[in-house]
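Try each one before you read its solution.

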Amino acid sequence: MSGYTGKILRINLTTKTVSTIDTAKYEQWGGGHGIGSAIFWDLVPDKTVSAFDPRNVITIMTSPLSGTLAPSAGRTEVQGIGPESWPTEWFTRSNFGGRFAAMLKSAGWDGVVLEGKADKPVWLNIVNDKVVIEDANGLWGLDTYETQEEIWRRVTGNGGVGDWTETASTRDGGRTTQRPAVVCIGPAGENLSRIGSLTHDAGNGAGQGGFGGVFGSKNLKAVSVLGTGSVSVADPSALMESRQWFIAQSQYYNTKADVPAVPGTPMNRPQAPGYGGNFFGTAPSRPQGCSSCYVNCRRQTESGTGNGSQCVEAVFYAPMQPIAGASADLVQRYGINAYHFMGLGWLRELSKMGILGPGKQIDSNLPFDQFGTLGFLEALTRAISFREDIGADLAEGWVRAAEKWGRLGDLDTGLLAFPFWGYPEHYDPRSEVEWSYGSILGDRDINEHCFNFYVHWMPLNAAAQGVEPPVSAKDVAEKIAAKLVPYNDPVDPMMLDYSPEGVYSDSRVKEIAWHRHYTRFFKQSLAFCDWAWPDFMNTSTPELLGSTPEAEPKFYNAVTGQNITFEDGMEIGRKIWNLDKAIWVLQGRHRDQEVHAGYVYKVGSPLPDRLPMYKNGEWTYATAQGRTLDQAKFEDWKTRFYEFEGWDSTTGWPTRSTLEKLGLGNVADELETKGKLGK
Amino acid sequence: MADIKADTENSTAPEQATKGVSRREFITGLGGLGIGAVLGGGLVKGFLLPDQVFAIPASEGYILVDTKKCAGCTSCMLACSLVHEGKESLSLSRIQVTQDPFGKFPGDVEQAQCHQCPYPACVDACPTGANHVDAANGNVRTVDASKCIGCERCVNACPFTPSRALWNFEDKHAQKCDLCANAPYWKEKGGPGGKQACVTVCPVHAITFTGEIPVQSDAGYDVNLRKNSGDWKRIGLSVD
């Protein structure tokens with residue numbers, strides 16, 4: 001298959017052996033996440049091993065589109081058993097942007113599979129087909145930025161670029177002007193934090209899942225890659241034409257007026273260059289983009305702080321304040337999942353309540369009186385990274401800390417607003433339900449903004465500016481529903497009804513299924529960026545219609561030479577979703593566990609957000625403030641969802657017939673052997 | 001400097017650029033000689049001036065990059081190798097973008113595009129005429145791979161770092177930016193009178209084309225495509 005190099009690098013850190021896996025064996029999965037899940041399935045016979053067990057296998061996968069001109073499709077997918085989720089360490093995923101995937105493909109590799117545990121700290125040095133497991137002497141203990149700069153020096157000899165560097169001893173062995181692409185861990189990962197992240201360049205993090213801790217458990221500091229090779233493209237002129245078609249169809253950046261759509265007008269997707277770095281204020285800066293991005297949402301600043309960071313790294317502590325950039329750099333350097341820090345408010349509340357502090361019930365000498373300063377954040381970040389003070393407990397994740405402190409009741413009151421699997425609330429779980437349902441049916445906070453930009457941010461930003469949303473609730477529901485192949489014949493706008501009834505409807509069953517299948521294939525396997533895709537609505541077109549569902553298969557086919565339809569991709573997504581579900585079932589998943597934290601059912605939403613709702617025969621934007629999720633109705637909805645997926649509604653387990661229709665007979669056999677096949 | 005419009009996607013080489021060397025930017029003292037000889041590709045191999053300088057016509061097109069606007073996404077590099085080589089290769093791209101993710105704006109990202117020099121050292125250095133001025137394509141400086149003997153003198157002669165003439169280590173010949181005059185994997189007409197892949201795909205319009213010889217300083221071309229760029233300032237990005 002064009003787009004892929006044909007080889008996946010397999011590293012056994014215990015035996016220090018390097019081998020390869022033929023990508024062709026896994027091509028049916030499309031790429032990225034699908035291949036990662038299938039490799040995990042094959043290489044980890046006992047799916048119940050812990051995240052820090054050497055038998056846990058981590059896959060780092062590219063997409064066939066990585067390193068090509070396909071727009072914003074260059075992320076790197078990381079999978080394996082993750083230590084962050086609670087109470088079970090689910091098989092999970094994360095991904096990160098930047099240029100790592102493109103560079104890995106340039107070196108001739110479609111992915112890296114990591115097994116075992118090194119006997120002492122090591123890093124992986126990949127220069128084209130030369131792969132060396134190097135001693136991490138002098139690297140272990142460094143933060144992620146220092147680590148990368150030191151590795152650049154070790155690989156290229158000068159740490160820098162600026163001239164052509166020969167990567168081999170002969171003149172035809174390859175040349176590049178680029179720095180090695182490195183993904184690495186900081187002190188948090190080294191000390192097996194469950195919220196340790198992976199960092200690449202300045203602002204790319206694979207945060208959720210806790211893969212930083214898994215790297216640490218394997219004594220793996222970093223993976224570095226420098227490549228000088230080519231990525232094949234089945235139809236080069238079709239790819240170039242597709243990019244031009246896309247620019248004309250769906251650009252964020254308006255060519256004619258040279259005016260980018262900006263936050264607040266009118267779609268409110270992160271469509272302007274540098275958008276994600278807005279929270280850093282107005283320091284002189286340029287936009288910064290991942291490989292082949294057409295949005296370029298991040299920023300590089302005059303001070304160099306906050307480079308490449310955006311969204312949660314920019315807002316979790318001090319948005320719009322002078323220390324915002326430095327705050328982002330702290331979590332990137334220490335290698336901590338910034339999203340977990342969305343729970344900082346809980347610690348502050350406990351401090352204010354007199355429960356947490358010097359000599360208190362939860363004894364801590366951290367300077368909570370300086371909350372809001374960079375000094376406090378650094379003290380907390382260090383404490384977690386080195387497991388000092390309450391950091392020893394917080395390194396296990398907030399909910400495990402709550403468990404140890406006897407405060408799991410805070411999940412019922414909402415003081416600890418972590419609705420699913422030990423991850424912090426992202427969007428309101430009672431109203432923006434594709435987020436909460438998708439997360440509880442899966443393995444983590446999904447972090448998939450497909451619908452969110454249109455149904456949440458657009459009306460919210462409009463309200464913040466005191467204007468009507470530029471697109472009506474009716475238009476949002478109808479125009480997006482029309483694009484939800486294969487559930488758009490007939491078009492069912494009720495799929496986007498966020499009313500008290502709409503969140504439990506049969507239409508909602510279809511919408512959640514669409515979201516699960518779309519993201520598994522197009523976002524996580526083809527690596528289309530969450531902040532750029534799907535392209536549902538776009539101001540560049542008269543009817544506001546974006547390029548989804550035409551664009552995604554157009555790029556995939558031009559690069560790979562295959563001829564799939566959007567619906568074919570959705571079906572592969574369904575297959576991947578079923579394989580992931582089977583892995584969770586083998587880890588002990590049952591429908592009885594797919595229940596949100598108590599506060600979701602007991603405490604009304606405090607948020608004034610307005611969402612599209614169908615009320616009294618009319619579409620309107622309305623608030624869900626005060627709403628709780630009705631547990632009985634949600635359980636009934638779950639039954640219908642399982643049935644729609646072809647799963648056993650008593651257990652939530654996939655059935656043989658469903659799995660066999662997807663070509664997963666072997667998976668059905670394994671579930672049956674373990675007594676976990678749905679009936 | 002040349003008056004560069006913010007959006008020049010549809011612009012073509014202005015007529016005046018076809019006047020060749022009679023530009024103030026061209027090496028002084030050659031004006032009286034008029035257009036010299038075309039190197040390579042033509043019947044005349046060129047003639048040597050007393051001061052060891054070839055007199056050759058100016059290119060009818062130039063790529064300009066606003067160094068402070070570039071987002072470092074490398075779309076230009078991927079487009080360049082795609083339309084020229086039919087595959088994606090950062091190493092074979094004739095425009096190179098390098099960046100220090102920990103660097104400070106504006107010194108954090110650098111773009112290396114061919115300047116189509118009025119006096120092209122790469123052309124001068126070539127012993128076979130492979131690296132030549134292509135009269136059929138607006139005098140763009142380019143490499144005829146069939147004549148290249150692989151000496152890499154053009155690669156070493158380029159006064160810029162990294163060298164804009166580069167060694168194609170896969171197909172074993174030198175190559176350089178031809179303004180897409182010969183882009184076999186692209187259906188659009190390229191060259192000075194046509195489109196260029198890097199200009200076409202740049203998502204922030206940091207690259208543009210001009211038919212006029214740009215003013216050149218030690219720091220490269222002085223280009224600002226932001227100050228007239230609609231909302232660049234409004235979204236909080238630097239226009240100075």
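**Exercise 1.** Find how many aromatic pairs there are over all chains, and classify the pair A:Trp346 and A:Trp405.

*Solution.* Start with the rule: rings of Phe, Tyr and Trp (its six-membered ring) pair if their centres lie within 6.5 Å; planes under 30 degrees apart are stacked, over 60 edge-to-face, and the rest tilted. The count comes to 40 aromatic pairs over all chains. Next, the ring centres of A:Trp346 and A:Trp405 are 5.7 Å apart with planes at 20°, so this pair is stacked. Both A:Trp346 and A:Trp405 are buried (under 20% relative accessible area, 1.4 Å probe, protein chains only).

This is a predicted model, where local features need pLDDT of at least 70 and side-chain atom pairs pLDDT 80 or more, while totals for chains, interfaces and linings use all residues. Residues are numbered from 1 along each chain as its sequence is written, chains are lettered from A and ligands numbered from 1 in written order, and side-chain values use heavy atoms, leaving out hydrogens and water.

**Exercise 2.** Which ring does the charged end of A:Arg508 sit over, and which does that of A:Lys575?

*Solution.* The test asks for NZ of Lys or CZ of Arg within 6 Å of the ring centre and within 35 degrees of the ring normal. For A:Arg508, the ring is that of A:Tyr498, with its centre 4.2 Å away. For A:Lys575, the ring belongs to A:Trp29, at 4.7 Å from the centre.

**Exercise 3.** Name the members of the aromatic cluster that includes A:Trp514.

*Solution.* A:Trp514 forms one cluster with A:Phe451, A:Tyr454, A:Tyr518, A:Phe521, A:Phe522, A:Phe536, A:Tyr556 and A:Phe566.

Conventions
Buried < 20%, exposed > 50% of the residue type's maximum accessible area, 1.4 Å probe, protein only.
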